[in-house]
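My entries are kept in the order in which I made them.

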Amino acid sequence: MGGKQNLSDKLRSCSLSEVNQATQYTCMLLSYLIERKADKEKLVMKLKQLESSMSSGRKMFRLGNMVHALVAARRTTQLPDVVPRFCLTASNLTRALYFVCDAVLWLKSVGLQPDIDKPKWRNWATKCYYFSLLMNLARDWYEISWRVEQAVQEEKTRENSFWDSHSEELNCVKCDSLHGFFLLLFQILKRHPPLLLDLVKNLCDLSGPLDTLGIYKTNPGVIGFCGVLSSLVGILTLASPHLKLKQ
């Protein structure tokens, strides 16, 4: 009984914004999957209307997120390691700028500032979000590279001794080939779920700005699927903080 209550408390702690985002991208994915069916026009229209409503609602939540991003940027400037300090601070600052642009777009959408140049602000918002994600991915790659190097050094220093079951797995891996590198990468991510989840979330989030900026064009189905997956990862890390990559 206590375990169920604890789980319920964790789920209630999830961000409403994450749930809103999951709903929005689910609508996008479903409308893409059924839009070619002749008898589903009304359902597709309702899904797209709900998607638009969820998108507008998310912009309201982001007003508070801008302050949160600035506070996070101030905190990451205190990190001892240079690379994570630079990547995370840059990511948080550009994310704050993204929220500013998004708030301006919201003012346009509700008619409070009808003269706003929507395409220009949307382009700025997308670029800020894209750069923020690139900085997050750079930080993830740094973490992965550090763990790969650590694993290789561990293998070299212990190759002539008896290894425990955890180390024997790495001993079989030689990082002198592409196959060996990917196998080692798989093992590292498998043993570090927070790093894996952060990498998956950032890669999924990247699909939207890549398409909007014309860097890699895709379709609403892919963007919707990636958005749902990213939202589920976000909800999971909020419900289980130990799965969130520490800054």
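The entries below concern a predicted model and take its salt bridges in turn.

Entry 1. I looked up the total and found that the structure holds four salt bridges.

Entry 2. I turned to R139 and noted its salt bridge with E143, where the closest N and O atoms are 3.5 Å apart. I located both residues in helix 5, which spans residues 118–158. They are four residues apart there, about one turn of the helix. I then checked burial: R139 has 5% relative accessibility and is therefore buried, since the cut-off is under 20%. E143, with a relative accessible area of 14%, is also recorded here as buried.

Entry 3. I next examined K201, which forms a salt bridge with D205 at 3.8 Å between the closest N and O atoms. Both residues belong to helix 8 (residues 193–205); because they are four residues apart, about one helical turn separates them. I found K201 buried, and D205 buried as well.

Entry 4. I looked up the pair K217 and D211, whose side chains meet in a salt bridge at 3.9 Å, N to O. Are the two partners buried or exposed? K217 has 57% relative accessibility and so counts as exposed, the cut-off being over 50%. D211 is buried, as its relative accessible area is 14%.

Terms used:
Residues numbered from 1 in each chain as written. Predicted model: local features only at pLDDT ≥ 70, side-chain atom pairs only at ≥ 80, totals over all residues. Heavy atoms only, no water. Helix = DSSP H or I, 4+ residues; strand = E, 2+ residues; numbered from the N terminus. Buried < 20%, exposed > 50% of the residue type's maximum accessible area, 1.4 Å probe, protein only.
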